[in-house]
Amino acid sequence: MTIQNIIFLLVAIAGFGLFAWQVRKIRANILAGRDRDMSGNVSERLNKTLLVAFGQQKMFKRITPALLHLVVYVGFLVINIEVVEILIDGIFGTHRVLGFMGPVYAALTGTNEILGALVVLAVVAFWWRRNRSQPVRRFTGPELRAWPKLDANIILYVEVILMLALFTMNTADLKLHQLEGRDLAGAFPISSLLTGLFPSNATALEVLERVGWWAHIVGILLFLNYLPSSKHFHIIMAFPNVYYSRLVPQGQFSNVDSITHEVKAMMDPSYQVPAPATNPDGSAAAPTPFGAKDVNDLAWTNLLNAYSCTECGRCTSVCPANLTGKLLSPRKVIMDTRDRMEEKYNSPLIFQPNLYGAEAKHAEAEVVDKENHTLLRGYVTPEELWACTTCNACVEACPVNINPLESIVEMRRFLVLEESAAPNSLNVMFSNIENNGAPWAFSPSDRFNWADDLYVADKQSIATA
């Protein structure tokens, strides 16, 4: 094993190890949310994952970005097969170890090159759409501050650099073999067009091939570790997010278990209310708050949503509240949830690097007082929440099955059930339901007066005729 192989092995171990640590940290943050049983229905969930996540089903509601995204998506999957070869070559000191596959390898490398060129074109188109054409309400909004916009552009620039490194490696290798009168395993339809741009010096070509090789694989490892801090993490998180998405009808709201038990007990005196939860030591557990004030009050699937968001803005662009100028932006709610998780559970890492996720809850007060800086009011205002019409347009539009409405409803529940902070119009409705059994301010005895009035009007109409 040469020095180059040892250096590569150390770089690969560091790259994959750091990525695994970041994934473990994010997993802990997600599991800090409320428990929710998502077992069962495996076949239905797998079918949905194949259609929505792998098949990009919901992307094709908008054909132009769908085709551009498909090119990048397929290119990402196929080109990464070559990464396997690079890893083997880097560890064992071989060169194009998969070349023994002959025609299969030629088809693979040729496809890689064509997809690589298409990826560059698609990325240029994405850059233009994001920075020049700017579709209405898609790439604008208060939530797309300096960092989200810069993050999106960094991803596009990195993808171009990775493709250029791939073409540098292939073109230099191809021309070097041509100068030496040897055949290079594989097919290189794009690189063969670029050989005229490269020098005819063997030493220079060897250096360029190595520079391209190292830039491509190190760039991929750096990009891999950039993903957890980026919106591009959806290329990994979209698959579990779709798998664990809701299977019930979108208009079906969840009930609060404790309230359900109380209502059943009122309706049926023989109903046995389940015993309250206890701690492992047998003591009574703290009561579960109604709704959600902070991220740990949301279900873990809602926190998984936050790490799966690609900030595409499809949800906000179809939101009727946002379209009429109200503050609500479903994308902002999801981005705020992720930002709050990072603040709440990852900031203690500065002082206690072994704490994150649920463990960080206990250390949080010792680091900084954030009692009054929660998801609700600290990030999302009540005005935003009450602007929601619960129409599910955002849920239907999301290409990776994120459900902003669940988080919105849970924060509304907290406002109503914990703080009695509903808008006055809703409080009037609540009073009418309590006193009159209906949302309207009429006595139950007058409920059918409209029918009598209609009957009289009909009689008068007939008599006049």
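## Basis of the model

The model is predicted; local features need pLDDT of at least 70, side-chain atom pairs count only at pLDDT 80 or more, and totals for chains, interfaces and linings use all residues. Residues are numbered from 1 along each chain as its sequence is written, and side-chain values use heavy atoms, with hydrogens and water left out.

The average pLDDT of the chain (the predictor's confidence in each residue, from 0 to 100) is 87, and 93% of the residues score at least 70. Residues 348–356 stay under 50, and the model has 22 contacts for them beyond four places in sequence; a contact means heavy atoms within 4.5 Å. Residues 360–370 also stay under 50, with 18 such contacts.

## Helices α5 and α7

Helix α5 (residues 146–179) packs with helix α7 (residues 202–226) at an angle of about 150°, their axes 8 Å apart. That angle makes α5 roughly antiparallel to α7 (over 145 degrees). Axes are lines fitted to C-alpha atoms, for helices over the stretch in contact, and angles run from 0 to 180 degrees between N-to-C directions. Helices are DSSP runs (H or I, at least four residues), numbered from the N terminus.

The residues of this contact comprise 19 nonpolar, four polar and five charged.

## Helices α3 and α5

The axes of helix α3 (residues 63–92) and α5 come within 13 Å and cross at roughly 45°. Val72, Ile79, Glu82 and Ile86 in α3 meet Glu159, Met163, Leu166, Met169 and Asn170 in α5.

Terms used. Helix = DSSP H or I, 4+ residues; strand = E, 2+ residues; numbered from the N terminus. Parallel < 35°, antiparallel > 145°, perpendicular 65-115°, else oblique. Nonpolar A, V, L, I, M, F, W, Y, C, P; charged D, E, K, R; others polar.
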